[in-house]
Amino acid sequence: MDMNTIESVVPTTDPTQWRPGDAWLAGGTVLFSYGSPVGTEEPLKRLLDLGQAGWPAITVTNEGIGIGATCTIAELYALPDSDAVSDAVARRDWPGLDLFRPCCDSFVASFKVWNMSTVGGNLCTSLPAGPIISLCAGLDAIATIHGRHGSSRTVPVTEFITGEARNCLAPGELLRSVRVPASSLSAKVAFRRLSLSNLGRSGVLLIGRLDADGGFVLTVTAATKRPVQLRFAAADLPDAGQLAAAVALSIPDELYHDDIHGLPEWRRDMTFRLAEEIRAELLDPARPPAVSGDFWPPHATSPQPSTQPASTQKGAPNGN
């Protein structure tokens, strides 16, 4: 859309240059759709353009994976096969990588969006159905935030999102990157996603982990206005009834999201159902972990890459 209040576009990554009426510009797929950051009413006058920041999209170390805020969804999707990082990834046993592509697919977006939309933009828009929020929260990612006076702070992504279209960023603060720890990437993982329509926006998205220490972690997103995480130590792994009770205690009715993509009652019922599926799967050593959603297993009608046969998955997202 035309943004007819913009007076200038300033290439910068310096939060000290921010002033009221500014917005950080990365991919712009939401900014140019809504005309202003979600949740704000003040007309924008300047865009602070991160396009020339030069931040590395992906870095891989023994400590985990660093993802720059300007990393596109296409770059994130390519991570397991990327020539730049595939050797570094291949040397590590990280089952958590299996979550990256299903979460990217959960955008249910065209290749044009995939090549512009950014990791940082999805987090900062802070919508309940944000799939990068699901990925980062489910893997205990830590966000690094730069402030207006040269300060820097870190916050878990589960705390970064505070509500529907709300987060912990103060005016002028800039999300620089997120770091996914190796401990989470090394965990056995499970994924469940549902929507009300074929290839629709996520109405419920749950990620489960069984960590190396035997602890069980369940992260609920899309169904709720902000991520909700439940943790159980190895000595206190829940049975079906205990998990249901914990979910009911952790997610009050008013926290379930309500929009055209799902009533709160449906989201609540599906959260209980998928949570038990994940619990049974991860706590049963005989069952392999699974990726499951309303556009899995592969079928020919889906435009999403991970639903296509392996022979068609090379190249740009959605096979183009």
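The protein has 11 helices and 15 strands, where helices (H or I, at least four residues) and strands (E, at least two) are DSSP runs numbered from the N terminus. This is a predicted model, in which local features need pLDDT of at least 70 and side-chain atom pairs count only at pLDDT 80 or more, while totals for chains, interfaces and linings use all residues. Residues are numbered from 1 along each chain as its sequence is written, and side-chain values use heavy atoms, with hydrogens and water left out.

Biologist: What percentage of the 320 residues of the protein count as buried?

Modeller: Buried means under 20% relative accessible area, exposed over 50%, and partly exposed in between (1.4 Å probe, protein chains only). The protein exposes about 14300 Å², with carbon and sulfur atoms supplying 53% of that area; the areas come from the Shrake-Rupley method with a 1.4 Å probe, and for residues only the protein chains shown count as cover. Of the 320 residues, the buried share is 51%.

Biologist: Which residue meets Arg-153 in a salt bridge?

Modeller: A salt bridge requires a side-chain nitrogen of Lys or Arg within 4 Å of a carboxyl oxygen of Asp or Glu, and the structure holds 11 of them. Arg-153, in strand β7 (residues 152–156), has its partner in the loop between β9 (166–167) and β10 (174–181), so the pair ties together parts that are 20 residues apart in sequence. The N to O distance is 2.8 Å, and the partner is Glu-173.

Biologist: Where do Arg-279 and Glu-276 lie?

Modeller: Their side chains form a salt bridge with an N to O distance of 2.7 Å. Arg-279 counts as buried at 14% relative accessibility, while Glu-276 is partly exposed at 25%. The two residues are three apart, about one turn of the helix, and both belong to helix α11.

Biologist: How many residues of strand β13 are buried?

Modeller: In a regular strand the side chains alternate between the two faces of the sheet. Phe-216, Leu-218 and Val-220 are buried on one side of β13, and Val-217, Thr-219 and Thr-221 on the other. The strand (residues 216–221) is therefore largely enclosed by the rest of the structure, the buried count being six of six.

Biologist: Which residue takes a positive phi near 70° in the hairpin of β13 and β14?

Modeller: The hairpin of β12 and β13 has five residues between its strands, and Gly-214 in the turn has a positive phi of about 90°. In the hairpin of β13 and β14, six residues lie between the strands, and the residue with a positive phi near 70° is Ala-222.

Notes:
Two strands pair if DSSP finds at least two bridges between them.
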